[in-house]
Amino acid sequence: LLVYEDLDDFAEYYSNNIPKWRKYIKEFEKYIIENADIVFSVSESLKAFRENQGFIQKNHYVSNNGVKFDLFKSDAAEERENSLIFIGALEEWAGVQFAIKGFKKALEMGIKADFKILGEGPYEIHLRRLVKDLKLTGNIQFYGRIEYYKIPDYLKKSKLGIITFEESNLTTVAHPIKIIEYMASGLIDT
């Protein structure tokens with residue numbers, strides 16, 4: 001029995017960094033989906049995208065992301081720092097650059113906060129340069145890749161979770177687990 005868990009438009013995901021891989025990954029995904037006995041896509045939009053690609057599978061279901069609620073659940077009485085947080089891939093499509101620029105404007109308007117960025121990726125060097133150019137090194141911290149079981153500790157201390165995807169097919173068909181993790185931790189997600 002071959003079961004495929006369809007999490008993302010991987011051809012788009014990987015081709016952002018290595019464009020020549022796009023056609024190979026697309027063919028690989030097509031082969032896997034057509035030969036799987038069962039396919040679980042992470043969202044209705046990803047399932048529809050696969051069907052529009054012609055990747056037809058009679059046993060194709062949607063199984064949305066979930067979270068270990070007990071791990072992420074926060075005590076409402078816990079003191080939270082005045083901070084924003086982003087967790088995820090540091091890729092251009094993730095849109096963290098927009099959050100950094102918006103954070104700069106909020107600080108100029110008198111908001112007192114810091115911004116924690118958890119994750120890694122090829123766009124990190126550009127984000128670090130942007131933070132330096134905007135003179136935000138004292139307000140924005142990069143933490144790199146964090147072990148999954150430690151992420152709730154960071155979320156429980158923050159007040160606002162950030163999701164700033166650039167619109168593309170990759171982000172349109174996604175069902176980011178960070179939304180669920182933010183909500184389970186008592187954060188407001190934007």
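Modeller: A residue counts as buried when its relative accessible area is under 20%, and as exposed when that area is over 50%. The model here is predicted.

Biologist: Which residues of helix α3 are called buried?

Modeller: In α3, residues 44-52, the buried ones are L46, K47, F49 and R50. Each of these therefore falls under the 20% cut-off.

Biologist: What puts these residues on the same side of α3?

Modeller: The arc they cover around the axis is only 160°, which puts them on the same side of α3. An α-helix has 3.6 residues a turn, so residues three or four places apart point the same way.

Biologist: Which residues are exposed on the other side of α3?

Modeller: E44 and N52 are exposed there. Their relative accessible areas are therefore over 50%. After α3 comes G54, with a positive phi near 90°.

Biologist: What makes β4 and β5 a pair?

Modeller: A pair needs at least two bridges. β4 and β5 (residues 114-118) have 5 bridges, in the parallel sense, so they count as paired. Within this pair, L84 stands opposite F115 in β5.

Biologist: How do you know that β1 and β2 pair?

Modeller: By the same rule, at least two bridges are needed. β1 and β2 (residues 38-41) have 4, so they pair, and the sense is parallel. E5 stands opposite F40 in β2.

Biologist: In the open sheet of 3 strands, what makes β1 and β3 edge strands?

Modeller: The order of the sheet is β1-β2-β3, with parallel pairing. β1 (3-6) and β3 (60-62) each pair on one side only. From one strand to the next, the twist averages 20°.

Biologist: Which residues of helix α9 are buried?

Modeller: K178, I180, E181, Y182 and A184 are buried in α9, residues 177-184. Just after α9, G186 has a positive phi of about 85°.

Biologist: What lines the largest pocket?

Modeller: The lining has 29 residues, and I87, G88, A89, I177 and K178 lie nearest the centre. By class, 17 are nonpolar, 6 polar and 6 charged. Helices α1 (10-15), α8 (169-172) and α9 each supply at least two lining residues. The volume of this pocket is about 890 Å³.

Note on methods
Residues numbered from 1 in each chain as written. Predicted model: local features only at pLDDT ≥ 70, side-chain atom pairs only at ≥ 80, totals over all residues. Heavy atoms only, no water. Buried < 20%, exposed > 50% of the residue type's maximum accessible area, 1.4 Å probe, protein only. 1 Å grid on protein atoms, 1.4 Å probe; cavity = no way out; pocket = protein on both sides within 12 Å on 5 of 7 lines; lining within 4 Å. Points joined across faces, edges and corners; volume = space filled by probe spheres on them. Nonpolar A, V, L, I, M, F, W, Y, C, P; charged D, E, K, R; others polar. Arc of directions from axis to C-beta. Axes fitted to C-alpha atoms, helices over the stretch in contact; angles between N-to-C directions.
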